[in-house]
Amino acid sequence: MKALITGATGFVGGHLAKKLLTDGWECRCLVRNIGRAAGLEAMGAELRHADVTDPNTLRGVAEGADAVFHLAAYGNVSTVSGDEETKMRRVNVEGTHNMLMACVNKPIKKFVHFSSTAAFGLTGRSSIDEDVPCAPLTAYQHSKFDSESILKSFCEHSSVPGVIIRPCMIYGPGGHQGQFLKLCRMFKRGVFPRLPGQVWLPMVHVSDVVAAALAAFERGATGGVYLIAGARPVSVHDFRRWVVDTLDMSPPYIYAPASVLKMAAWAVETLSTILRRQPPVTLANVRMTLSSRRFSTEKARREIAFVSSVEPEQGVRDTVRHLMDEHLL
Ligand SMILES: NC(=O)c1ccc[n+]([C@@H]2O[C@H](COP(=O)([O-])OP(=O)(O)OC[C@H]3O[C@@H](n4cnc5c(N)ncnc54)[C@H](OP(=O)(O)O)[C@@H]3O)[C@@H](O)[C@H]2O)c1
């Protein structure tokens, strides 16, 4: 089997490419920086210098590919800058369109598109499955939602057999830029408050996401969307407890009512916008967290036989230890 992978120099793409290479797949990785993919090349990957925003660099890339795994994306969940929004649209929306164009009339078995539960936005529901209508709020959420619309349109009007996976927050070794690390650092500094009520924080281990991508390739329906989440819902309270316990710390954990949290986030966001800085947190971030969502993986279980195999507490503790070993926590 031959795979074409975008985003292989990133967190999830790196795990996916290594798994495929280990399993004996041939992998062609489209990368902007060849040096960053030296490890994959040493494992036997073919590297092609390409940028998904530049269609000229994508000519012929899908030749001979059985599977396309499209992970390249730019994401910033707390941006308020117009430049950042433009960049997200260029990479996430136009980049997906360009990749799909490069795959038209090629005998690809499946184009697996990595979307995100971010595409849901703020639905007003706490229990969410694939039938819940999306209501994207932030620029990142809009870009992931629009990338899905493009993929669905190619499925309807072209020969490309696309399938969408929507993972929630992904954690695991190697995720050095993401939300998980940001939250762990906030817990460690004691700046993450005790939230009102039982707040769920959907998360999934990177090895589960890799398994889901392979399952979507093998069994996903063309045009299908599959939610990917961990074995069971994790409350923010438990998540924090596992993190600080593994760090062997007891930082402050002060209760803050929802209204105070929203007001504080609004103030931080407004001030950051005036100062033209990236806000550490936005009002949208707080609203999303407080919406306490739980995602159903029933459809993924039924249709593509995806079952999470990582026990959340073990996965979180192992990841925290890994981040400590890397001196990131
Ligand atoms: N991490 C999460 O919690 C999460 C949750 C749900 C969904 N997802 C989705 O899963 C996918 C992978 O996420 P991730 O966390 O692995 O992201 P990541 O670590 O930020 O990696 C992004 C990858 O995209 C590549 N890329 C960015 N712009 C590009 C361009 N113009 N042309 C070609 N490649 C480009 C980057 O290459 P460079 O190395 O050159 O920068 C990098 O390899 C994304 O689609 C994301 O939306 C992630």
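This is a predicted model: local features need pLDDT of at least 70, side-chain atom pairs count only at pLDDT 80 or more; totals for chains, interfaces and linings use all residues.
Residues are numbered from 1 along each chain as its sequence is written.

**Exercise 1.** Find which residues come nearest to the ligand.

*Solution.* Start with the 28 residues around the ligand (C-beta atom, placed from the backbone, within 6 Å). Of these, Thr9, Gly10, Ala72, Ala73 and Ser116 come nearest. Next, look at the elements (DSSP runs: helices are H or I with at least four residues, strands are E with at least two). Helix H1 (11–22), helix H3 (82–103) and strand S8 (169–171) each give two or more residues to the shell. H1 gives the most, with three residues.

**Exercise 2.** Work out which way the residues of strand S10 (residues 225–228) point.

*Solution.* Val225 and Leu227 point one way, while Tyr226 and Ile228 point the other way. In a regular strand, side chains alternate between the two faces of the sheet. All four named residues are buried (20 or more other C-beta atoms within 10 Å of their own, with C-beta atoms placed from the backbone). Now turn to the partner: strand S7 (residues 162–167) runs parallel to S10, and four bridges join them (DSSP pairing needs at least two). Across this pair, Arg166 stands opposite Leu227.

**Exercise 3.** Describe how helix H5 (residues 179–189) packs with helix H7 (residues 236–247).

*Solution.* Their axes, lines fitted to C-alpha atoms over the stretch in contact, are 10 Å apart. The angle, on a scale from 0 to 180 degrees between N-to-C directions, is about 70°. H5 and H7 are therefore roughly perpendicular (65 to 115 degrees) to each other.

How values were computed
A residue is buried if 20 or more other C-beta atoms lie within 10 Å of its own, exposed if 12 or fewer, and partly exposed in between; C-beta atoms are placed from the backbone. Angles under 35 degrees count as roughly parallel, over 145 as roughly antiparallel, 65 to 115 as roughly perpendicular and the rest as oblique.
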